[in-house]
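Q: How are the local and packing features of a model such as this one to be read?

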Amino acid sequence: MAGYNLEAIEAAPLKEDVDIVIPTIRSLDFLEQWRPFLKHYHLIIVQDGDPSINIRVPEGYDYELYNRNDINRILGPRANCISYKDGGCRCFGFMVSKKKYIYTIDDDCFMAKDPSGKEINVIAQHIKNLETPSTPHYFNTLYDPFRDGTDFVRGYPFSLREGVTTAISHGLWLNIPDYDAPTQLVKPRERNIRYVDAVMTIPKGVLYPMCGMNLAFNRELIGPAMYFGLMGEGQPISRYDDMWAGWAAKVVCDHLGFGVKTGLPYVWHSKASNPFVNLKKEHKGLHWQEDMVPFFQNLRLSRESDTAAKCYMELSNMTKEKLTEVDPYFEKLADAMVAWIEAWEELNPPVDGKDVKAK
């Protein structure tokens with residue numbers, strides 16, 4: 001079984017195929033620490049909040065910087081689908097990118113070290129995850145069978161060993177865990193110190209809480225489904241932008257036959273957000289997730305939805321039909337989902353009339 005060639009990936013880090021998307025409201029001094037690994041890549045920075053504030057980007061980086069004025073100018077009447085004063089604004093960067101892969105990171109995340117003390121090259125590990133197959137149809141008890149030093153275990157059907165194309169690589173975090181406000185309040189001093197040296201495929205039909213602070217995905221395969229919702233200022237909910245995108249994208253991946261991996265690589269999450277502020281932002285979501293999760297668990301997309309964009313348009317109709325009874329907000333969200341796809345297709349017309357379809 002051929003394993004990963006990490007040295008080859010690190011020597012040729014696919015810099016022409018990767019964009020780094022960063023949402024921010026502050027100067028990006030954290031990039032100084034990331035320079036050894038991110039200096040090779042093009043950055044797309046989405047400035048949240050007041051567009052008159054000057055965002056400082058360290059010298060030497062190749063980047064584009066977009067603020068709210070740019071979003072309004074580029075998207076016109078559809079600009080309202082991009083969240084304001086919420087990390088979900090990052091999905092505008094997904095839309096304007098033209099690269100195969102996206103890596104998105106929060107501005108309070110820094111390089112972590114593995115147990116040997118070596119700094120973790122997050123891009124190299126995410127590319128490893130995305131460039132090798134996933135195994136969503138049957139769980140391998142040695143986790144990722146395409147990794148060096150492991151393989152498929154006895155009893156794993158040979159008909160499933162080819163795996164499927166990986167669309168999403170979900171990385172984790174050391175130090176500050178990604179907790180909701182109630183858990184933050186009861187465990188204010190808890191820190192994640194466990195480095196688990198593993199990557200695994202999330203099984204088909206299983207949802208997961210996707211965190212957007214250390215995330216990579218194949219934009220060509222799943223980009224239109226990576227919409228981080230309509231949240232933040234003016235909306236009754238926040239801090240569920242990446243949750244919504246994760247649930248939706250996982251359902252679309254399952255339908256189209258793509259895989260999702262989670263585990264390595266780790267980043268160091270440096271700043272714990274205020275749990276009282278978070279509770280105000282999350283309290284609707286804490287109730288609504290009890291309806292949203294079953295909604296995604298039970299929905300079935302039609303055979304006609306054979307691209308991520310078509311899947312997401314069908315999902316918008318289902319959202320309006322099924323979730324509006326939970327709260328009128330979901331009708332507004334469903335309309336924003338439509339505007340998102342319309343804007344995506346305007347900025348990303350299919351090449352030669354073709355689009356990435358299910359196999």
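A: Begin with accessibility: buried means under 20% relative accessible area, exposed means over 50%, and partly exposed lies in between, with a 1.4 Å probe and protein chains only. Tyr143, with a relative accessible area of 39%, is therefore partly exposed. This is a predicted model, in which local features need pLDDT of at least 70 and side-chain atom pairs count only at pLDDT 80 or more, while totals for chains, interfaces and linings use all residues. Residues are numbered from 1 along each chain as its sequence is written, and side-chain values use heavy atoms, with hydrogens and water left out.

Q: Which residues does a cis peptide bond join?
A: The cis bond joins Leu264 and Pro265, with omega about 10 degrees. Pro265 is found in strand 9 (residues 259–269).

Q: Is Pro145 buried or exposed?
A: Pro145 has 1% relative accessibility and therefore counts as buried. This proline sits in the loop between helix 5 (122–131) and strand 6. Its C-alpha atom is separated by 10.0 Å from that of Thr201, 56 residues apart along the chain.

Q: Which residues does Trp173 touch?
A: Contact means heavy atoms within 4.5 Å. Not counting residues up to four places away in sequence, Trp173 touches Asp178, Asn192, Cys211, Met213, Tyr266, Val267 and His269. Trp173 is located in strand 6 and, at 14% relative accessibility, counts as buried. The C-alpha atoms of Trp173 and Tyr195, 22 residues apart along the chain, are 8.9 Å from each other.

Q: How is the pairing of strand 8 to be read, and how many bridges does it form with strand 4?
A: Two strands pair if DSSP finds at least two bridges between them. Strand 4 (residues 101–105) and strand 8 are antiparallel and share five bridges. Within this pairing, Tyr103 is opposite Ala216 and Thr104 is opposite Leu215. Strand 8 is also joined to strand 6 (residues 166–175) by three bridges, again in the antiparallel sense; here Ser169 has Ala216 as its bridge partner. Strand 4, in turn, runs parallel to strand 1 (residues 18–24), with four bridges between them, and Val18 stands opposite Tyr101.

Q: Why is strand 8 described as largely enclosed?
A: Five of the five residues of strand 8 (residues 214–218) are buried, so the rest of the structure largely encloses this strand. One side carries Asn214, Ala216 and Asn218, the other Leu215 and Phe217, and all are buried. Strand 4 is likewise largely enclosed, because five of its five residues are buried. Tyr101, Tyr103 and Ile105 point one way from strand 4, whereas Ile102 and Thr104 point the other way.

Q: At what angle do helix 8 and helix 9 pack?
A: Two packed helices are described by the angle between their axes and the distance between the axes. Axes are lines fitted to C-alpha atoms, for helices over the stretch in contact, and angles run from 0 to 180 degrees between N-to-C directions. Helix 8 and helix 9 (residues 275–298) pack at about 15 degrees, with axes 10 Å apart. Helix 8 is therefore roughly parallel to helix 9; angles under 35 degrees count as roughly parallel, over 145 as roughly antiparallel, 65 to 115 as roughly perpendicular and the rest as oblique. On the helix 8 side, the contact is made by Trp244, Trp247, Ala248 and Val251, and on the helix 9 side by Gln289, Met292, Val293 and Phe296.

Q: How does helix 8 cross helix 10?
A: The axes of helix 8 (residues 241–256) and helix 10 (residues 308–323) come within 11 Å and cross at roughly 125 degrees. The two helices are therefore oblique to each other. Residues of this contact include Trp244 and His255 of helix 8 and Tyr312 and Thr319 of helix 10.
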